[in-house]
Amino acid sequence: MILEIVPLTPSLLEFPFEWHYVRSIIYVSLYVSLVAVALSTLFSLPVAMLVGFSEFRGKQLVTAVINTGMGLPSVVVGLAVLFTVSNQGPLGSFDLVFTTEAMIMSQFVLAAPVITGVSLAAVGSVEGGVRDAAYAMGGTRLDVALVTIKEARYGIATAVLAGFGRAISEVGSVLIVGGNIAGPDGTSKTRTLTTAIQLEARQGRFETAMLLGAVLLALVLLVNGILVRLGSGSGTGGVR
Amino acid sequence: MSLEEPVVAHRSTPSGEPILEAADLYHGFDGEAVLEGLDLTVNAGEVLAIIGPSGVGKSTLLRLLGLFERPDRGSIALEGTDVWATTDRKRLASRRRVGTVFQAANLFDASVRRNVTYGRRIRRSWRDRVRHEIDALLGRATVDEPVIQALETVGLADALEQDAASLSGGEAQRVAFARALAYDPDVLLLDEPTSDLDPRNTAVIEDAVRAARARGIGVAIATHDMHQAERVADRTAVMLGGAVTEIGPTERVFESPRDDRTRQFIDGELVY
Amino acid sequence: MTRKVTQSGYEITSNSEPAEFVTGSNYAPAQTYLSVPAIVVSMQIQRRRVLAGLGTGVAVGLAGCTGALGGEDDDAAEISGETLTLTTTTSTYDTGLLDELNAPFQDRYGVTVDTVAQGTGAALETARNGDADVVMVHARSLEDEFLEDGYGVNRRDLMFNDFVVVGEPDDPAGVSGGDDVVSAFAEIAAAEATFVSRGDDSGTHTKEREIWDEAGLEPEERGEYQEAGDGMGEVLVRTDQGGGYTLADRGTYLSMQGEIDLEIHVQGPIEDGPDLLANPYGIVAVNPAVHDNVTYDLAMAYIGFLTGLEGHDVIQGYTVEGEQLFFPEAVAEDPNFQQYVPADWKPEEG
C-alpha cells in the first residue's frame with residue numbers, strides 16, 4: 001500500500017524511470033532479501049543456541065568460522081553459488097541459474113554468519129539464572145530455549161536487521177547468480193535495486209544511480225522502522 | 001493433576017509423611033567432592049531448614065533435589081520413586097512437581113503476569129498454548145485463580161500488569177516466590193531466598209513459606225540465618241563437611257544439639 | 001545417439017563428436033597427410049551440416065514469416081511458454097536495442113527472453129557452461145574460438161556498427177580528421193597523450209589491442225596509458241574528466257554526448273572511416289549436442305527472427321540521439337559463407 005503512495009513524490013523530482021520499473025526492482029530486492037533473511041534466521045537461531053549452550057571440542061573453531069563468515073566477500077559467494085547451480089555443477093538439473101531462487105541462496109550464505117554471530121552474542125548474554133528459573137518451573141529444553149530467545153529478543157532483532165542490511169545492500173553475488181535480468185517492458189526478473197544502480201553507474205549515469213541509491217536507503221529505513229515499531233509496540237517483553 | 005482444581009489441592013502424600021528423599025548422595029565438581037554420603041528427607045506440609053557454613057554445598061544439594069543434575073552416586077526419590085531410574089517423561093513429570101526459588105529473583109523480562117503464569121503455561125498442550133497466546137495478543141487474556149492467589153500470598157496481587165524490570169529487589173523476589181507457587185508444586189526448594197532482602201520483604205516471604213506449608217507443600221529452605229530457621233522451620237538439618245551431621249526439630253537442634261560439631265557451628269554462627 | 005527435430009520437422013542427428021566438425025587438427029598442415037580420408041569425410045559431414053544449418057535457418061525464418069501473416073502457427077505453440085537465455089555484452093545491452101528486438105519476439109512466440117549483460121568473456125563462458133542458449137557478442141576471434149571448441153553452432157553475422165577515436169576537444173596529439181587509425185594511435189603514443197583503455201577483455205578492448213598490434217606498439221609500458229577495467233560509459237566519463245583519448249563504440253558515445261565534452265577525432269567506417277574500426281556483431285546458438293538442456297529450438301527461432309526481415313527493420317530503425325546506431329547485415333542477397341565458420345577457416349585441399 002505504501003508503494004502506491006510513493007509515485008506522487010517522484011513527479012516533483014523528475015524521476016527518470018517509469019514507476020512500473022522501479023516498483024518491480026523494489027519487489028525483487030525485497031522478495032530476495034526478506035526470504036533469504038527469514039530462512040537464514042530459522043537456521044541461525046538454533047545454531048546459535050546450540051553453539052552458545054553446549055560444550056564441545058571445536059567450539060572455538062566454530063565460533064571463529066562464524067565470525068570469519070561475516071566478512072565473506074559477496075562476489076566470492078556469488079561465484080561459489082554459480083558453480084553450484086550452473087549446468088555444470090551439482091545442482092545443475094534444477095535450472096536455478098539466473099533465477100531469484102539462486103539469489104536467495106547466495107544471500108542466505110551471506111546473511112547467515114551475521115545473524116548467527118550476533119545472535120550468539122545475544123543469547124550468550126542471557127543470565128544463566130533466568131534459564132535455571134525456567135527449568136526449575138518445569139520447562140523442557142525447548143521451553144528454556146524459547147525463554148532464552150525471548151530474553152535475548154532485542155539482540156536477536158539487531159542480528160536479523162544486520163543480516164537484512166547485509167543482504168539488501170549487496171550487489172556482487174546477486175549480479176553473478178541473477179544476471180540482472182529485466183524484460184523489455186521494464187519488469188524485473190532478477191534485477192534488484194543494487195544491480196540496477198550498478199547498471200546506471202556502468203553507463204555513466206551517476207545521478208540516476210544516486211537516485212536509486214536514495215530509494216534503497218529509504219527502503220532500508222522503512223524496513224528497520226517497521227521492525228523496531230513491532231518490537232516496541234508489544235510493550236513489556238511481548239510474547240513469551 | 002488438573003490445573004483448574006481449587007488451590008488447596010488434594011495431595012497424594014499427607015502432611016508429615018516423607019515426600020522427597022535423598023539417600024547416600026555423593027557429588028562433586030572438577031574432581032572436588034562436595035557431597036559425601038548425604039541423606040535428607042523433606043516431609044509434606046513441613047518446613048525443613050538446611051543450615052551450614054558458606055560453600056558447604058547447600059546450593060549443590062538443592063540443585064540435586066530440584067533434579068537439575070544427576071548425583072554422581074546415590075538416589076533422589078519423589079514419593080518413593082527413584083527419579084533417575086525412570087524414563088525421561090516420568091522424570092519431567094516429577095520435576096514439574098518441584099519448585100525452586102533462588103537467591104536472585106531471576107524474573108523474565110516481561111510483565112509480572114507473564115512471569116507468574118509461566119509455570120502453568122508450559123504445562124498446557126501446545127495447541128492450548130498457541131490459543132492462549134493469540135488471546136493475549138488480542139487482549140483477551142484471562143488469569144487463572146491460582147495465579148491471583150499466589151500473588152496475594154506475597155501481597156502483590158495489584159502488580160499483575162507491571163513490568164518485572166520496574167520492581168524493587170524485594171518485590172521481585174516475592175514475585176519469584178509467587179511464580180513457583182502458582183503451579184502448586186508438592187515440594188518447594190528455597191536457596192537463601194531472603195539473603196538480599198530487607199526485613200519487611202523477608203517477613204513477607206516467611207509468611208508465604210508458612211502459607212505453602214499450610215497447603216501441604218513440603219518446603220526445604222537453605223539459609224545462613226539461624227533466626228530465620230527458628231522462625232519458620234519445623235525441622236532443621238545441619239550440613240557440615242558434605243553430609244548432614246544432625247537433623248531434628250528446630251528447637252532441639254539449636255538448644256540441645258546431639259553433635260558437638262553442631263554446637264560449635266551454632267555457637268560460631270550465633271556470634272553474629 | 002540423440003535425435004532432435006526442429007519445429008519444421010528437419011532432423012538433426014548428433015552422432016559424432018562435435019569436435020570433429022571443426023577442430024584445429026582438421027587443417028593443421030602437419031597432420032594433413034595422415035588424415036586425408038578422414039578430412040574428406042568430415043568435409044562432407046561439414047558441408048551437410050552447413051546446409052542443414054542453412055536449411056533450418058530458412059525454415060525457421062519462413063516459419064516466422066507465416067506467423068507475421070497472421071496464420072495460426074502450430075510451430076509457435078511448441079516453444080510457447082519457454083524461456084530463452086541470451087548472454088551478451090554490456091555495451092550491446094546498454095544501447096537498448098535488445099529490448100526493441102525482444103519485445104516483438106516475445107509477443108510473437110509467447111516466450112520470454114532473459115537477457116544477461118555480462119561482458120564478452122563472461123557471456124561466452126556462461127554459454128560454454130550451458131547456462132545460456134544463445135550468445136550475441138562482437139569479438140570475432142573469441143566467437144571463432146567458441147565455434148572451434150564446439151560450443152556454438154549456426155553462427156550468423158547480425159549487424160555492425162563501428163568504433164570511433166574520441167578525445168578532448170583540444171586534440172593534443174593532433175590526430176583529428178585523419179583516416180588511418182593505426183597512425184593515429186602511433187601519434188597519440190608519440191605525443192605521450194593520455195589514453196584510457198577498457199582493460200577488460202571486452203570487444204572494444206580487443207579491437208583496441210588489435211590496433212596497437214598493427215602499430216607495433218606496446219602501450220602498457222607507458223605511464224599515460226590507463227587501464228580502467230570498467231564499462232564504456234565509465235571510461236568515457238573518465239576520459240572526459242582526466243583528458244586524453246579513448247576508443248569507444250559509437251553507440252555508447254552517442255548516448256552520452258549530452259553528458260561529456262569529448263569529440264570524435266577519427267571516424268569509423270559508418271562515416272567513411274577505416275574498416276579496421278568496424279565492429280561486427282555475431283549471434284551463435286549453443287550446441288545442443290554439448291549441452292542437451294539448452295532450448296535450441298527457441299534459440300534458432302530467435303536467430304531466425306533477428307536475421308529475418310522483421311529483425312532487419314527493427315535494427316535499421318533503431319536510433320540513439322536521432323542517429324542510426326546499427327547496420328543490419330543478415331538480410332543480404334549475396335551469400336556470405338564466412339559468417340558460418342571461423343574467420344580464417346578454409347576447406348582443406350586434398
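Predicted model: local features only at pLDDT ≥ 70, side-chain atom pairs only at ≥ 80, totals over all residues.
Chain B contains 11 helices together with 10 strands. Its radius of gyration is 19 Å, close to the 19 Å given by the globule rule for 272 residues, so chain B is as compact as a globular protein of that length. Taken along the principal axes, the box filled by the C-alpha atoms of chain B is roughly 65 × 45 × 40 Å. Turning to contacts in chain B with a separation of 6 or more, 71% of them are accounted for by residues 24 or more positions apart.

Let me move to chain A. This chain has 12 helices and zero strands, and from the N terminus on its elements read α-α-α-α-α-α-α-α-α-α-α-α. Of the 240 residues in chain A, 43% are buried. Where contacts in chain A have a separation of 6 or more, residues 24 or more positions apart account for 73% of them.

One helix pair in chain A deserves a description. Helix 4, residues 59-69, packs against helix 6, residues 100-124, at an angle of about 125 degrees, and the two axes are 8 Å apart. That angle makes helix 4 of chain A oblique to helix 6 of chain A. The crossing of helix 4 and helix 6 of chain A is left-handed. Which residues make the contact? Helix 4 of chain A contributes Ile66(A), Asn67(A) and Gly69(A), while helix 6 of chain A contributes Pro113(A), Thr116(A), Gly117(A) and Leu120(A). By class, this contact between helix 4 and helix 6 of chain A has three nonpolar residues, four polar residues and no charged residues.

Is Ala196(A) buried or exposed? With 28 other C-beta atoms within 10 Å, Ala196(A) is buried, because the cut-off for a buried residue is 20 or more such atoms. Leaving aside residues up to four places away in sequence, Ala196(A) touches Ile25(A), Arg191(A) and Leu212(A). Ala182(A) is 14 residues apart from Ala196(A) in sequence, and the C-alpha to C-alpha separation of the two in space is 9.6 Å.

Now to the third chain. The secondary structure of chain C comprises 14 helices and 14 strands. Of the 350 residues in chain C, 46% count as buried. Considering contacts in chain C between residues at least 6 apart in sequence, 76% join residues at least 24 apart.

I shall finish with the interfaces of chain A. How many residues of chain A are in contact with chain B? There are 17 from chain A, in contact with 24 residues of chain B. On the side of chain A that touches chain B, helix 7 (128-136) and helix 8 (141-151) of chain A each supply at least two residues. Helix 7 of chain A provides the largest share of that side, six residues. The residues on this side of chain A divide into seven nonpolar, six polar and four charged.

Chain A also meets chain C, in a contact that takes 14 residues from chain A and 22 residues from chain C. On the chain A side of that contact, the residues divide into four nonpolar, seven polar and three charged.

Terms used
Residues numbered from 1 in each chain as written. Chains lettered and ligands numbered in written order. Contact = placed C-beta atoms within 7 Å. Nonpolar A, V, L, I, M, F, W, Y, C, P; charged D, E, K, R; others polar. Helix = DSSP H or I, 4+ residues; strand = E, 2+ residues; numbered from the N terminus. Rg over C-alpha atoms; globule rule 2.2 N^0.38 Å. Axes fitted to C-alpha atoms, helices over the stretch in contact; angles between N-to-C directions. Parallel < 35°, antiparallel > 145°, perpendicular 65-115°, else oblique. Left-handed = near helix turned anticlockwise from the far one by under 90°. Buried ≥ 20, exposed ≤ 12 C-beta atoms within 10 Å, placed from the backbone.
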